[in-house]
Amino acid sequence: MVNIADYRAMAIGDRVLKAGNSEEFKTGDWRSQTPVLDRGKCINCLTCWIYCPDSCVVVKDAKLEGFKLSHCKGCGICAEACPKDAISMTEERA
């Protein structure tokens, strides 16, 4: 049984997690599927970049460069948003 008074000894949340530090966490380990780009189909519309909820689509010189897999959670939104089916989701390999 937890003593109700123990909550006072806990650190305040904003001291544990500071704003703007998400790059420090490697959340890609959660992923079960990986986005794969077919460069032959990609028209660099960057719709995937717009829709990615975790900013994992890497863009360089206004072109899709790839994906930041250390942070990508494999949600597949980029693949669903792609108008040319240039992104497919494949099973993560162990």
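Thr 90 touches Ser 32, Gln 33, Thr 34 and Val 36, leaving out residues up to four places away in sequence. Contact here means heavy atoms within 4.5 Å. This is a predicted model: local features need pLDDT of at least 70, side-chain atom pairs count only at pLDDT 80 or more, and totals for chains, interfaces and linings use all residues. Residues are numbered from 1 along each chain as its sequence is written, and side-chain values use heavy atoms, with hydrogens and water left out.

Thr 90 sits in strand 4 (residues 87–91). Helices (H or I, at least four residues) and strands (E, at least two) are DSSP runs, numbered from the N terminus. The C-alpha atoms of Thr 90 and Gly 74 are separated by 9.2 Å. Along the chain, these two residues are 16 residues apart.

Thr 27 lies in a loop, between helix 1 (13–16) and strand 1 (33–37). Its contacts include Ser 70, His 71, Cys 72 and Lys 73, not counting residues up to four places away in sequence.

Is each threonine buried or exposed? Buried means under 20% relative accessible area, exposed means over 50%, and partly exposed is in between (1.4 Å probe, protein chains only). The table gives the values.

| Residue | Relative accessible area | Class |
|---|---|---|
| Thr 27 | 10% | buried |
| Thr 90 | 32% | partly exposed |

**The core**

A nonpolar core is a set of buried Ala, Val, Leu, Ile, Met, Phe, Trp, Tyr and Cys residues joined through side-chain atoms within 4.5 Å. The largest one here has 15 residues. Leu 37, Cys 48, Val 57, Leu 64, Phe 67 and Ile 87 touch the most other members. Strand 3 (63–67) and helix 3 (77–81) each supply at least two residues of this core.

Take Val 57. Leaving aside neighbours within four places in sequence, Val 57 is in contact with Cys 48, Trp 49, Cys 52, Leu 64, Gly 66 and Phe 67.

**A hairpin**

Strand 2 (residues 57–60) and strand 3 run antiparallel, joined by four bridges. Two strands pair if DSSP finds at least two bridges between them. Val 59 has Leu 64 in strand 3 as its bridge partner. The hairpin has two residues between the strands, and Asp 61 takes a positive phi near 55°.

**The cysteines**

How many disulfides are there? A disulfide is a pair of cysteine sulfur atoms within 2.5 Å. By this rule the count is zero. The sulfur of Cys 42 is 6.5 Å from the closest cysteine sulfur, in Cys 48, so the two are too far apart for a bond. Cys 75 is in no disulfide either; the nearest cysteine sulfur, that of Cys 52, is 6.1 Å away.
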